[in-house]
Amino acid sequence: TRSNRPAFLPGRWLTTAGSSARTPATAPPDPPNTPACPDCARVGLARNSDIAKAVQTAVELAGGLGAIKPGQKVVIKPNITGTSKDFITHPEVIRGIILAVATRTEPKNITIAECTALGANTRSNARTTGVLPLVEEMGANFLCFDEGNYVSFRDAKWKHITDEKRVPESLRNGQFDHFINAPILKDHTVGNAGYTCCFKNFVGLLPYSGSGSRMSSNIHTADIAEKAAELGLIVPTITMNIVDATTPGLVDGPTPTTIADAGGLILASTDRVACDSVAVAILKCYAKKLNVTGSYVGKSVFAQPQIVRAAELGLGISDPQRIQIRAQDVDNLADIMAQWV
């Protein structure tokens, strides 16, 4: 049975005790005295040695996938930037996401899609890391954005991105009903982006080279953090963000030289800004524990340029009093929250 739990409030958090082997079929009900906050963002955190179960728990704590209806098509965008599982969204995280989505719509309606970094071959990286065999095993689809068509895109709200970009046609023509963002959490020293999470993952929507790519009017030079936030306008509505925080990269990202073991930690939210705010708190927590430094360490969570610019664009909530955090089996939650407030 569950232990008694305190009500959670905007700007506060709720812990749920229990066996890490148990994954609730639905999110636990809120206590009767939980205040209504219909415009609050909810972030779910879960830890489990079974990563796929941690994914499902975090998603339910964040509100679940009830928006997905039978027969609807879902695209999942992980981060597959190389061939090391330390630097990409772990295959077991992807397994957990597919399992969660498959309770709402059949696997044949689920697509994992990516365009990898550094000019590498996306399909080859996906096969080497085990992502492609996993997707095939589970009866889902794999899409290399760079093998498909791109269309031109520009948003009037862009200030830091100065040229027209090319984005996957499949994301603009109604091919998918839902977009699930599945980044890995790590620092990002290159270009002083600070960190990689929900917004930086969108760089992978752009082709690697050529006109309108991530290399034209280079995304990775000046104002990389603000540009990453502005790329969020390509897909204005996210059904769920599910973050692989199992091995946060702390130094020299995007291929970190110092990696923490967070013990199967996953976070999820429908709100990218709120999700990134808690993600940065996790990075700062483990950086403090391992006594490492980085540009993200010296800034408060809500002063991070990606979060500031994304909130300006209306892509999420940056007011901590309007963010509700629910956690299950996260024994260092207080240490994480000490870096969030």
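The following legends describe close-up views of a predicted model.

**View 1. Packing of helix α5 against helix α7 in the predicted model.** Helix α5 spans residues 224-231 and helix α7 spans residues 305-312; their axes come within 8 Å and cross at roughly 40 degrees. Because of this angle, α5 is oblique to α7. The crossing of the two helices, α5 and α7, is right-handed. On the α5 side the contact is formed by A225, E226, A228, A229 and E230, and on the α7 side by P305, Q306, R309 and A310. Sorted by class, the contact of α5 with α7 comprises 5 nonpolar, 1 polar and 3 charged residues.

**View 2. The largest nonpolar core and the surroundings of L231.** This core holds 67 residues, of which L45, L231, L267 and I282 touch the most other members. The element that gives the most to this core is helix α6 (residues 272-290), with 12 residues. When neighbours within four places in sequence are set aside, L231 is in contact with W158, I161, F202, V203, L206 and I219. Another core, of 36 residues, lies apart from the largest one; V74, I88, I112 and A182 are among its residues. In soluble globular proteins, nonpolar side chains tend to be buried together.

**View 3. Helix α1 and the elements that enclose it.** The buried residues are I51, A52, A54, V55, T57, A58, V59, E60 and L61. These buried residues of α1 pack against one other helix and several strands: α2 (91-101), together with β2 (41-47), β11 (240-251), β13 (265-269) and β14 (323-328).

**View 4. D223, a non-glycine residue with positive phi.** The phi angle of D223 is near 60 degrees, a positive value in a residue other than glycine. D223 is placed in the loop between β10 (194-196) and α5. Its relative accessibility is 37%, and D223 therefore counts as partly exposed, the range for that class lying between 20% and 50%.

**View 5. N291, a loop residue with positive phi.** Although N291 is not a glycine, its phi is positive, at about 60 degrees. The loop that holds N291 runs between α6 and α7. N291 is exposed, with a relative accessible area of 70%.

Technical notes
Residues are numbered from 1 along each chain as its sequence is written. This is a predicted model: local features need pLDDT of at least 70, side-chain atom pairs count only at pLDDT 80 or more; totals for chains, interfaces and linings use all residues. Side-chain values use heavy atoms; hydrogens and water are left out. Axes are lines fitted to C-alpha atoms, for helices over the stretch in contact, and angles run from 0 to 180 degrees between N-to-C directions. Helices (H or I, at least four residues) and strands (E, at least two) are DSSP runs, numbered from the N terminus. Angles under 35 degrees count as roughly parallel, over 145 as roughly antiparallel, 65 to 115 as roughly perpendicular and the rest as oblique. A crossing is left-handed if the near helix is turned anticlockwise from the far one by less than a right angle, and right-handed if clockwise. Contact means heavy atoms within 4.5 Å. Ala, Val, Leu, Ile, Met, Phe, Trp, Tyr, Cys and Pro count as nonpolar, Asp, Glu, Lys and Arg as charged, and the others, Gly among them, as polar. A nonpolar core is a set of buried Ala, Val, Leu, Ile, Met, Phe, Trp, Tyr and Cys residues joined through side-chain atoms within 4.5 Å. Buried means under 20% relative accessible area, exposed over 50%, partly exposed in between (1.4 Å probe, protein chains only).
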